[in-house]
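Biologist: I'd like to learn how to read charged side chains in a model. Could you walk me through it?

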Amino acid sequence: MLALAGEFDLAARDELTRALLNVAGDPATDQVVLDLTDTTFIDSEALGAVIVGVNAAREAGKPFRIVGATGVVHRVMDVAGLLDLIDDHHHSP
């Protein structure tokens, strides 16, 4: 599991990409879970990193899940079409 806290934008993109690729590529990891409980903002650049992580997990044959997305972060995931990756996405944020 990779838990994020705070705001994620262009400045965080490369580090977030590396972290997600490391988790997806770890042989001891059977699924990639991105915890956004403490994330207050995510922009399109950081979202691009998440998509890179989703693709890496798929290539490794591992499920990718997002948990804890609420408020503006949940709305960004909705606009990006990533709601299917979010646990309990049918409930209001």
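Modeller: Let's begin with D14, which counts as partly exposed at 44% relative accessibility; that label covers values between buried (under 20% relative accessible area) and exposed (over 50%), using a 1.4 Å probe and protein chains only. A word on the source: this is a predicted model, where local features need pLDDT of at least 70 and side-chain atom pairs count only at pLDDT 80 or more, while totals for chains, interfaces and linings use all residues. Residues are numbered from 1 along each chain as its sequence is written, and side-chain values use heavy atoms, leaving out hydrogens and water.

Biologist: Which side chain does D14 meet in a salt bridge?

Modeller: Side chains of opposite charge can pair when their charged atoms come close. We call it a salt bridge when a side-chain nitrogen of Lys or Arg is within 4 Å of a carboxyl oxygen of Asp or Glu. Here D14 pairs with R13 at 3.4 Å, N to O.

Biologist: What other salt bridge does R13 form?

Modeller: R13 also meets E45, at 2.5 Å, N to O. That pair links distant parts of the chain, 32 residues apart: R13 sits in helix α1 (residues 10-25) and E45 in helix α2 (residues 44-59). Helices here are DSSP runs of H or I, at least four residues, and strands are runs of E, at least two, numbered from the N terminus. Shared partners join R13, D14 and E45 into one network.

Biologist: Where is D35 found, and is D35 buried or exposed?

Modeller: D35 lies in strand β2 (residues 32-42). D35 is buried yet has no salt bridge, and R65, the nearest side chain of opposite charge, is 9.1 Å away.

Terms used: Lys and Arg count as positive and Asp and Glu as negative; His and the chain ends are not counted.
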